[in-house]
Amino acid sequence: MKEFIIRENEAGQRFDKYLAKLLKEAPKSFCYKMLRKKNITLNGKKASGNEKLVLGDHVKLFLGDDTFQKFAGKTEAARMKRRTDMDIIYEDRDVLLVNKPAGILSQPDRSGEPSLVEAITDYLLETGVLTETDLNTFHPSVCNRLDRNTSGIVAAGKSLPGLQALSELFRERTVHKDYLSLAAGVLKEKKYIKGYLHKDTKSNKVSIYKSRSEDRNALPIETEYEPLGSNGRATLLKIRLHTGRTHQIRAHLAAEGHPLIGDWKYGDEKINRIYRDRYHLKYQLLHAFYLGFPEISGTLERLSGKSFFAKPPGLFQSILKEEHLEESYYENLERNMGLCKIDHYCGRGGSDRQ
């Protein structure tokens, strides 16, 4: 017999939906049969499956261990460890903000390579926030995905209420997301650019159009950038996304004639080779450095009106120094923007954590 107590992350859903997650390998007919035969009970009573679960409900499964393991899926022994040291900028009971390094997937994909979501899951298991049983019905997840080779702040939900509220904020586009990048060429003026983007899922590459008439399936995009300084060959940019499409910054800037340094998919191969040979740079210089939250009530009230900042990776900073753009970075970001006074500031020696 297996017994489970409904926790916050499971409450509020139908009983049959909960069972479908708990016994994810079992056919629906099996769960309903077990309910009819009272081999699965809710608070010691027969249930139909359409009951709404509440905090503290007791669920009992009168199943043999072999049967339970068969239908529950992978066991702890089969689960791979995917731990990576995380730079945690902020943490509370519902939310986790992490400074993701370049080279790490935000979410799992078919490649089977470790991802930030899996690292967060392992962290929550190790710290006791979640248990293996919890993972049968709830998985933490990220709400803003960054490309594998883009570094910066990623927001994740630790609890179901946190994940739902955070996801809604990002869907409403009320969270400000600013990026730091190094683009080829000289840009002198702040600009708000619009266009249309179409993704080819087979090649995992996007195309940019000036007009939707060029591709009826293309989606509208809006990107704002502000030059922070230039050395005559490249320009340090602060970029704000007003829409969040796949590869939007990389492809949009490339379409404007100013591809990101180090971007082998949309960039200039000749320029990229120079930076690869000189600095061993293998990925685009793009870093999600700032996240600003609006006034919020409810589950995410602790984030209300707060801002978070993460410094770019060491290689990014070294390149800025060698390319004589370090002063532009400090003058326009850390000093003029007052980032040293920001709510949570991730510096070279570590990060603030709550």
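**A guided tour of the predicted model**

Begin with the largest pocket, which holds about 1,400 Å³ of space. On a 1 Å grid over the protein atoms alone, a pocket is an open set of points where a 1.4 Å probe fits, with protein on both sides within 12 Å along at least five of seven lines; lining residues have an atom within 4 Å of a point. The volume is the space filled by probe spheres set on the points.

This is a predicted model, in which local features need pLDDT of at least 70 while totals for linings use all residues. Residues are numbered from 1 along each chain.

Select R145, L146, D147, T246 and H247: of the 43 lining residues, these are the closest to the pocket centre. Next display α5 (160-172), β9 (176-184), β13 (234-241) and α6, each of which supplies at least two lining residues. Helices (H or I, at least four residues) and strands (E, at least two) are DSSP runs, numbered from the N terminus.

Move to helix α4 (residues 116-126), where 10 of the 11 residues are buried, so the helix is largely enclosed by the rest of the structure. Buried means under 20% relative accessible area (1.4 Å probe, protein chains only). Among the elements covering these residues are β5 (87-91) and β8 (151-157). Just after α4, select G128, which takes a positive phi of about 85°.

Finally, colour by pLDDT, the predictor's confidence in each residue, from 0 to 100. Helix α6 (residues 248-255) has the highest mean, 97, and strand β16 (residues 344-346) the lowest, 54. Where pLDDT is low, the predicted coordinates should not be read in detail.

Notes: This is a predicted model: local features need pLDDT of at least 70, side-chain atom pairs count only at pLDDT 80 or more; totals for chains, interfaces and linings use all residues. Side-chain values use heavy atoms; hydrogens and water are left out. Buried means under 20% relative accessible area, exposed over 50%, partly exposed in between (1.4 Å probe, protein chains only). Contact means heavy atoms within 4.5 Å.
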